Amino acid sequence: MRHKPRTDPEEGSAEPLLDNPQEIELDDMDLKDKNKDSDSLENAFSRDGNASRSSEESQDSFSDRHAILREDTLSVFELIKAYPWALGWSLLVSMTVIMEGYDLMLVGNFMAFPTFQKKYGRYYADIDQWQVSAPWMAGLQNAAGVGSFFGSFLSGWLVQIFGKKRVLLSSLVALSAFVSLTFFAVNAAMLLVGEALCGIPWGIFATISPAYASEVLPRKLRVYLTSYTNMCFVIGQLIASGVLAGLVHIDSEWSYRIPFALQWVWPAFLIPTLFFAPESPYHLVQTDQCDKAGLVLKRLVRESANIDTEATLRDIIHTNDVEKQLSAGTSFLDCFRGTERRRTIIACVMFSGQCLSGSSFAYNSTYFFEQVGLEKQLIYDINLGGIGLALIGCFASWFVVIPYFGRRTIYLWGLAIMASILLLIGILSARGSEYAFGIAQTALTLLWTFFYQLTVGQLGWAIPAEIGSTRLRQKTVCLARNAYYIISVASNIIEPFAMNPTQWNLKGETSFIWFGTAFLTLIWGYFYFPETQGRSDLEIDLMFAAKLPARKFKGYQVSVDK
């Protein structure tokens, strides 16, 4: 089957919609093992609009295209007015991620907390300091990541059986129980077990939230709400930084027990609220509950918005049918078969890029600031300001960057800027240990934080939910998040040994390590990360099926004829 850049029959133009017309062969698509003939695929989708069909089907197709096109012509603010309930439920579901961001900031920065160091560390006479040993630092910082790894896998299986809503509510109940272990921990081992168990529901939240946002919102709003998951992560870090700054001078065990106790607040609020949340319409279609999916779609839009939810439902069903032909099954193994393999690898690398760009170095900044000689109160004040700057970066990404630049452009330029900052930090550290050099490194770390949230931090959450096919979206996000957790665990093992004065004691020169990983990720992304901005699920399916090179995704015209 040969596909060419399409012409527009409605306008009567015979000119191709590409500046450089090209032909793309789909003959080599990996469909042999699917036992589907070419006529079936031709009827499912066509680039030139010449597939045969009945006049009734053509009329339905025209109506559906008109409805979808109307949605595409609405501005972001008009879509917000049209989809207030979808927006609201997506915001609430993503709030579950606040807890993981909160705890990540909590445990990482407790390592420079005086009372925590005395409770879970030991005294080193040679440096006259209380320190949590490097092995325990690595264990405590990685425990939640290990739990999240397994929680993410569980999410992929449980959501397929029970749906996103039930799994989400059950996980919130489980988290309420697991938090008690961290609050009452009498030693580092008990704290480690509590962190690992809390990580299981956190892994579930981190994979359900972006997938849910991608499935209840129209295309133009998806990138904002999938990246809002990252903003919730930052909000959790901001809350933790404020709590730590306020309690750092309390000379008792309550200085670290109160922050753990605050984690009970979120389940108490979210459980009764999310009980009324709608299930994902995509999950309902995939489990043959199309009638319920139609009702959910009506719940998500404002009645006066004149959105044709029946056309949206038919579009979801049609996309699901096409994906059945392009990739059989919905198992984890299917994520590594045919064209799905490429999509899964992209999602995994892009999510892992958050760690590979140096986040383990930047978000352990309080411990780094301590090693360069800053005072305790100043450290936590700067850390709080840094997280505030990160939040500003999130908002700037929403309003200044995402609306005007493509995913590929934002991600690659972000990596390039952050790699340059890391290189500069390492050079300054190698030049000397004077206080002025320490202040300069601190300022550059804060600048890195801003650019991280402006670019990679936001899109690292959005891309996996966008790049995977709808039938495998939840599992693609799970695998991508697990790739992140694996890299996170590795980096959280390297980082304590690199920074700890009783081990490698590299201080700012640790940034050379992360410069290398950021640079390699940048090179990989240039050759393999495609542009998906403004594309529908079906368009992305077709371009991957056509095996387009990553750099040719942008500007390529796809004609989808139902």
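**Notebook: cores, salt bridges, cysteines, one loop arginine**

I looked up the nonpolar cores to begin with. The largest one has 134 residues, and Phe116 and Leu274 have the most contacts inside it. Helix H10 (residues 219-247) supplies the largest share of this core, 14 residues. Apart from it I find another core, of seven residues, including Phe332, Cys335, Leu472 and Cys478. I note here that the model is predicted.

I then listed the neighbours of Phe116. Leaving out residues up to four places away in sequence, Phe116 touches Phe110, Met111, Gly121, Val132, Leu140, Leu191 and Tyr256. For background I noted that in soluble globular proteins nonpolar side chains tend to be buried together.

**Confidence**

I checked the pLDDT next. The mean for the protein is 79, and 82% of its residues reach 70 or more. Residues 1-67 have pLDDT below 50, yet in the model this stretch has 97 contacts beyond near neighbours in sequence. Where pLDDT is low, the predicted coordinates should not be read in detail.

**Salt bridges**

How many salt bridges does a search of the whole structure find? I get eight.

I looked at Arg481 and Glu100. They form a salt bridge, with the closest N and O atoms 3.2 Å apart. Arg481 is in helix H23 (residues 473-499) and Glu100 is in helix H5 (residues 98-110), so this pair ties together parts that are 381 residues apart in sequence. I recorded both Arg481 and Glu100 as buried.

I went on to Lys164 and Glu215. Their salt bridge has its closest N and O atoms 3.1 Å apart. Lys164 lies in helix H8 (residues 164-183) and Glu215 in helix H9 (residues 188-216), so the pair ties together parts that are 51 residues apart in sequence. Lys164 is buried, at a relative accessible area of 3%. Glu215 also counts as buried, at 5% relative accessibility. Salt bridges with shared partners join Lys164, Glu215 and Arg473 into one network.

I also noted Arg535 and Glu539, a salt bridge with the closest N and O atoms 3.8 Å apart. Arg535 is buried, as is Glu539.

**Cysteines**

I searched the whole structure for disulfides and found zero. Cys394 is buried, with a relative accessible area of 0%. Cys355 is buried too, at 1%.

**Arg302**

Where does Arg302 sit? I place it in the loop between helix H14 (290-300) and helix H15 (309-326). Its relative accessible area is 39%, so I log Arg302 as partly exposed.

I then asked what Arg302 meets. With neighbours within four places in sequence left aside, Arg302 is in contact with Lys81, Ala82 and Pro84. A polar atom of the Arg302 side chain lies 2.8 Å from the backbone oxygen of Lys81. I also took the distance to Ala86: C-alpha to C-alpha, Arg302 and Ala86 are 9.4 Å apart in space, and they are 216 residues apart in sequence.

Conventions. Residues are numbered from 1 along each chain as its sequence is written. This is a predicted model: local features need pLDDT of at least 70, side-chain atom pairs count only at pLDDT 80 or more; totals for chains, interfaces and linings use all residues. Side-chain values use heavy atoms; hydrogens and water are left out. A disulfide is a pair of cysteine sulfur atoms within 2.5 Å. Buried means under 20% relative accessible area, exposed over 50%, partly exposed in between (1.4 Å probe, protein chains only). A nonpolar core is a set of buried Ala, Val, Leu, Ile, Met, Phe, Trp, Tyr and Cys residues joined through side-chain atoms within 4.5 Å. Helices (H or I, at least four residues) and strands (E, at least two) are DSSP runs, numbered from the N terminus. Contact means heavy atoms within 4.5 Å. A salt bridge is a side-chain nitrogen of Lys or Arg within 4 Å of a carboxyl oxygen of Asp or Glu. pLDDT is the predictor's confidence in each residue, from 0 to 100. A polar contact is a pair of N or O atoms within 3.5 Å; within protein, one must be able to donate a hydrogen and the other to accept it, and residues adjacent in sequence count only if both atoms are side-chain atoms.
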